[in-house]
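The sequence and the model are shown first, and the description follows.

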Amino acid sequence: MVMSKSRYPWRINRSSGWLQHSNSLEPPFCPLTLAEGSATQFSPLVQRPTSSPWVSDWQSLLRGLRLALVATLILPTLSGCNRAQYRRSADMEVRDAVITATADPEFALPEFGIQVDPDSRLFDPTDPDRPPMPPDDPDSARFMECVDGHRGWKYWHKDGDVADVEVNDYTRGLPFNSEGKIAINQAQAVALARLNARDYQQQLETLYLSALDVTAERFRFQTQLFGGNATQYTTAGDVYNGGLPSQLLSTTNQMRAQRLFTAGGSLAVGLANTIVWQFAGPDTNSNVSLANFVLTQPLLQFAGKPRIMELLTRAERNLLANVRTFDRYQQGFYLDVVTGAPNGSTLQRAGGLFGGSGLTGFTGVGVGGFGGVGAIGLPVNNAIGGGGGTGAANLGGLLGFLQQQQFLKNQRVRIAGLRDTYLQLQSLFEAGRLDNRFQVDFARQAYFTNQSVYLNSLIGYRNALDGYKVRLGLPPHLPVEPQDDFFSQFELVDPRLTTLRGQVATRLEAISLEEDENPGVAEPSIGELTTAAGALVEDLNADLARTRAALPPRLRLLEQLATLPEVVESRLDPIIFSTRRPQEIVDQLSREAEQLRSRLAENIEASAAQQGSNTPGATPLELQIQRQPEDKEALNQLSAFLLELSLLQARARLHSINLLPINVSPEVAFHVALSRRADWMNAKASLVDTWRLIRFNANALRSNMSVSLLGDIGTTRDNPLNFGAANGRLSAGLTFDLPLTRVIERNQFRESLIVYQQARRSLMQFRDEIQRGLRARLRQIQLDQVNLELRRTAVDVAITQTDVARLKLIEPQKPVQEGKTNSTSPTVARDVVDALQNLNDAQQSLIQVWGDYEIQRRLLDFDMGTLQLNADGLWSDPGELTDDQLLIHCYGQMYNPFDTGFSPPSPEAAFDSPAALPPEPEALEDNPAAAPEWPANSP
């Protein structure tokens, strides 16, 4: 058949093989020069003679064009999806894997993702799939330009450059106050940490990577499709080709599907179509299709679900373990940020070793099956023990800084008291009531020494605060200041009272200066200071009302503490736990408060009378000089009055401090922990993972026997669809290998037996550590409850000592006896300084005990696995806790945990015992019925 030139303007040059237009002498063009994602393009070549005849076989041309069309459609797909599509696809599969990882709603993560909040310091606003180049070291950067004389890639900067690794303006979302500071309480500290802390984001990403391992292992059991095209043009001279020139253009399209089955079998099915054109000599072409399959199934060694499904099973169980661990990590993260307790729960990824995907590198050796490398093993001692002493070492995090703030406030109160003391001693010395100046200098030295101590404490506080900012993920230069009322009840003295005492001391000091060298009017006046003192006396009523309201729960707790075996055994003073004494103290404080009001009224009347006795017509300066002795005496009395008021207020507030009672037995706490703790669940699952390795490695001891079945069928008569049995084959085979050499496999199997026993003992130890930690925690809670009463009493005594010592400064002058001088006690300065120091130390210890008790309550909740966080990541305080309340909270009803006839409504057994652990291999050999789930052909 002859083609029409007008209808078919293109022809093939037989001597060159290039397509060429028939109506011109234009140079020939390249038939298949493809641009990515575009239609066929032609490139001009060197002109050649065009004397070849027309192509007579039009089918070859049509098939060639069809091939070009298919290639045009297929080749652009070789580059696959773009980066963003791959990233979103991975995110979608990971999210599904995490959501379906657990059936327990307590650990569910329905909104899981690793996207960083735009308000976070960690947020990267640049292209997530093509991030710009970060800043490089200049000396190292030259190796990207030229290495060993070889020019490097010149497009490193094609995605842009950034000047710093920190690229987000996160400060716009920080809670600055009107003073330009970031005042944070517990809620804000946790929120900032979850938003900016690097390790919190890393734990999220570890969970993501664990889910990626699951998607990789799931893919191994999915039908996997492969397809592609191979096109090749070959020209050979006649000598090279055995006397005939050859010009071949061949293209092969192929599709292949393969599948791994859970028993170890694999099936591969393929289809290929090959078209070949021969342009040298007589034009010929062929079109052949071939379909084939290969099925293999091992029967003994490396066969069976226990062996083949181990990686998928382990990946899924590891993901579940990390989902549960992340829930416990969030609880520990809260404790770390707020209390400073170390977070012992961190996620571990089992896969991704050696740069592989999924569990590549799994050997079945070691605790985790990776030869001890990067494996998730059993925890040994993850229980947090009780605190020691007053608990100072356990108080950290935000609460630690709040405690330090209260310590600094107490130090400032002590410094104010020392200043008052040395000024009053100075007045006594000037009035001749002190024999020498030693006591004045002693008090003044203590004043300056305590100022130095305060300054050192302040610097230490600020240095530690910088470290805490970094812990939150913030740079240390930000003006972060902890502000919370957590320790507000330990502000035993009103700050207004401390300020007023400072004003009185300043007024006294000013009068001393005016007497000597610089008289003048000092502000505020004595009348104003006295009026301010009256307002503070009225506020004392509110403190006493709170103290009376706190008595009933305190008395109930005292009754419980008095019966503790440790209290009875230690023979503590019974007055500490007396239920009558607190009421007597409150009544006494009320009487002293009424006496203070009466004294203040007398002082006000005396001050008014003094104002009326001024010399008529005197100038202000003359009046001030005239009143200096009386003013100094009045100020000394007002200073002593304010000291007494501060001590009375301190006692009233001291006895209003209470604890939320906790009365939980170690047995119930241990039982609850074994049913609620996520790390205990993971520990048991990890032991079973190790136990499965026994069967995994025992499989390798078997003989190697497998069956195979393969076949293929091709087409005939140059028809790509005409498959015929005449052009096919089918083959079946059986291979068998005797287990003559199994030394390596034997060693691995023996190691798995030993590792299992080690893991079993580790689980026993872990359970013992949980119980030990809970018992120590409950002892520490009881110790803090007792210590609080002891420290409260110590503070009360220190207040009385301070009161007695300061009264020596203002006691009335005694009549002078003949031959003796009228002087103040020779130890008054030392007595006052020591009393103030003892009061400060007792206050610090009281705060430490109460703060440690609050931390122990949170840690007990964490140790039992009952700690709950709200939507903001803050602790949901369960309040007062007893055995009955705890069991109702956990199981919704009352029951006896040691009643074997009762099963609590939980997926766990009511009580885990050693008998619940997987049996040892030797026991299984003696009693196969102990493991009915094992296959009958198990070795």
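The sections below describe a sheet, the cavities and the aromatic pairs of this predicted model.

**The sheet**

Strands of a sheet pair through backbone hydrogen bonds, in either a parallel or an antiparallel manner. In this model, six strands build an open sheet with antiparallel pairing, and their order is 8-9-10-11-14-15. Strand 8 (224-236) and strand 15 (723-737) each have a single partner strand, so they stand at the edges and one side of each lacks a neighbour in the sheet. On average, neighbouring strands of this sheet are turned by 15° against each other, direction ignored.

Strand 10 (residues 266-278) and strand 11 (residues 284-298) run antiparallel and are joined by 13 bridges.

**The cavities**

Sorted by class, the lining of the largest cavity comprises seven nonpolar, five polar and two charged residues.

**The aromatic pairs**

The count of aromatic pairs comes to 19. Two of the pairs are set out in the table.

| Pair | Arrangement | Centre to centre | Angle between planes |
|---|---|---|---|
| Tyr 447 and Phe 448 | tilted | 5.2 Å | 50° |
| Phe 486 and Phe 487 | edge-to-face | 5.0 Å | 85° |

Which class of accessibility applies to Tyr 447? Tyr 447 has a relative accessible area of 11%, and buried means under 20%, so this residue is classed as buried. Its pair partner Phe 448 has a relative accessibility of 40%; this value lies between the limits of 20% and 50%, and Phe 448 therefore counts as partly exposed. In the edge-to-face pair, Phe 486 and Phe 487 are both buried.

Aromatic residues also form a cluster in this model: Tyr 200, Phe 326, Tyr 329 and Phe 333 belong to one aromatic cluster.

Definitions and conventions: Residues are numbered from 1 along each chain as its sequence is written. This is a predicted model: local features need pLDDT of at least 70, side-chain atom pairs count only at pLDDT 80 or more; totals for chains, interfaces and linings use all residues. Side-chain values use heavy atoms; hydrogens and water are left out. Two strands pair if DSSP finds at least two bridges between them. Helices (H or I, at least four residues) and strands (E, at least two) are DSSP runs, numbered from the N terminus. Axes are lines fitted to C-alpha atoms, for helices over the stretch in contact, and angles run from 0 to 180 degrees between N-to-C directions. Ala, Val, Leu, Ile, Met, Phe, Trp, Tyr, Cys and Pro count as nonpolar, Asp, Glu, Lys and Arg as charged, and the others, Gly among them, as polar. Rings of Phe, Tyr and Trp (its six-membered ring) pair if their centres lie within 6.5 Å; planes under 30 degrees apart count as stacked, over 60 as edge-to-face and the rest as tilted. Buried means under 20% relative accessible area, exposed over 50%, partly exposed in between (1.4 Å probe, protein chains only).
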